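My notebook is open, and I am going to look up a handful of things one by one. Come along and check each entry against the picture.

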Amino acid sequence: MLKIFCYPTDTFWRIKNLDYALKNVFSILKFNFVEKKLLSDKKVKLRDLLLCKVSDINSYKQPEFWFEEEKNFEQQYLQTPKHNFHFYDGFKLQELYSKFIRFKLKECHIVFTQRIITTFDSSDGRYHCRVVVLGYPCIISISGFTKALTFPKEYYSVRNILPQFAETFKEDIYRIVDKNFAKFLIKYIFQCIFYIYYGEEFCFEEFCLHNDNHWFWEVYNQVKQIKTKQDVLNLLCSHHRSMAKSII
Ligand SMILES: [Zn+2]
């Protein structure tokens, strides 16, 4: 049996409470919710964590020094998650998490974090926010639902001149994510499973649930349709549907 290990580490969201919603879709997969905090002030060297930070999004090379305030923030964050607007290199963070997880074959390990994760794109020479980083372990950034997915360009052009509009817009977005949280998660958990078990990073078909969609509304319009396992199968292209049938 394929096993999924979930680490709801440093999230405000009670992911464990979504067990029922997830099992409704992934009925033959075994979900294990691992309660232990992967990164804690007792386990992780603060230096290793601070080296995961991205201070300059326009450079792959990051400064290897930090201010006392940054160090204090990280230390407090390890004890109690709170709002965190810093950027982290997803692959460096993944390497750090991997030191605290023991992997076996046929296992998919997913770390859920509130941290904003980014990866460097050498084609335009800058870091970009991501919802998910695939690998061992996979990381799903809960903040990524609102930070990595892109809103219509009108929002970015008016947010500085109409702060009240931007505020209301963001509140609506948070409400949508809150209400459909399990559905958003299902899309990205699928992405992890398809990658780990089939080596499929994402689908090129825009309509497929396994597509790496960039637009928030695109993702929302997909995931809001999910209520049952059959809805998920209907949202996949034929290639990924046949794979999904054997795992859900
Ligand atoms: Zn597909």
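**Entry 1: helix α8.** I started with helix α8, which covers residues 181–198 and has 18 residues. I noted that helices are DSSP runs of H or I with at least four residues, strands are runs of E with at least two, and both are numbered from the N terminus. From its first C-alpha to its last, α8 reaches 25 Å, close to the 26 Å expected at 1.5 Å a residue. The expected span is 1.5 Å times one less than the number of residues.

Before going on, I wrote down that this is a predicted model, where local features need pLDDT of at least 70 and side-chain atom pairs count only at pLDDT 80 or more, while totals for chains, interfaces and linings use all residues. Residues are numbered from 1 along each chain as its sequence is written, and side-chain values use heavy atoms, with hydrogens and water left out.

Is α8 enclosed or open? I found that 16 of its 18 residues are buried, so the helix is largely enclosed by the rest of the structure. My cut-offs are these: buried means under 20% relative accessible area, exposed means over 50%, and partly exposed is in between, with a 1.4 Å probe and protein chains only. Tyr-198 lies in this helix and is partly exposed, at 32% relative accessibility. I also checked Tyr-198 against Met-243: they are 45 residues apart in sequence, and their C-alpha atoms are 8.3 Å apart in space. After α8 comes Gly-199, with a positive phi near 70 degrees. A reminder to myself: most residues other than glycine have a negative phi.

**Entry 2: the zinc ion.** Which residues coordinate the zinc ion? I listed Cys-203 (SG), Cys-208 (SG), Cys-237 (SG) and His-240 (ND1), at 2.1 to 2.4 Å. Donors are N, O and S atoms within 2.8 Å of the metal (3.2 Å for Na, K and Ca), and since water is not among the atoms, sites may look incomplete. The spacing of the donor residues in sequence is C-x4-C-x28-C-x2-H. The ideal angle for four tetrahedral donors is 109.5 degrees.

**Entry 3: salt bridges.** How many salt bridges does the structure hold? I wrote down three. The term means a side-chain nitrogen of Lys or Arg within 4 Å of a carboxyl oxygen of Asp or Glu.

One of them joins Glu-70 and Lys-53, at 2.7 Å from N to O. This pair links distant parts of the chain, 17 residues apart: Glu-70 is in helix α3 (residues 68–79) and Lys-53 is in strand β3 (residues 53–54). Glu-70 is buried, at 17%, and Lys-53 is buried too, at 7%.

Another pairs Arg-115 with Glu-74, with the closest N and O atoms 3.2 Å apart. Here 41 residues separate the partners: Arg-115 sits in the loop between β5 (107–113) and β6 (116–121), and Glu-74 in helix α3. Arg-115 is buried at 0% relative accessibility, and Glu-74 is buried at 0%.

Asp-172 and Arg-175 also meet in a salt bridge, at 3.0 Å from N to O. They are separated by about one helical turn, because they are three residues apart in helix α7. An α-helix has 3.6 residues a turn, so residues three or four places apart point the same way. Asp-172 is partly exposed at 35%, and Arg-175 is exposed at 51%.

**Entry 4: a cis peptide bond.** I stopped at Tyr-136 and Pro-137, which are joined by a cis peptide bond with omega about -5 degrees. Pro-137 is in the loop between β8 (132–133) and β9 (138–141). Most peptide bonds are trans.

**Entry 5: helix α11.** My last stop was Ala-244, in helix α11 (residues 238–247). Is Ala-244 buried or exposed? I marked Ala-244 as buried, at 0% relative accessibility.
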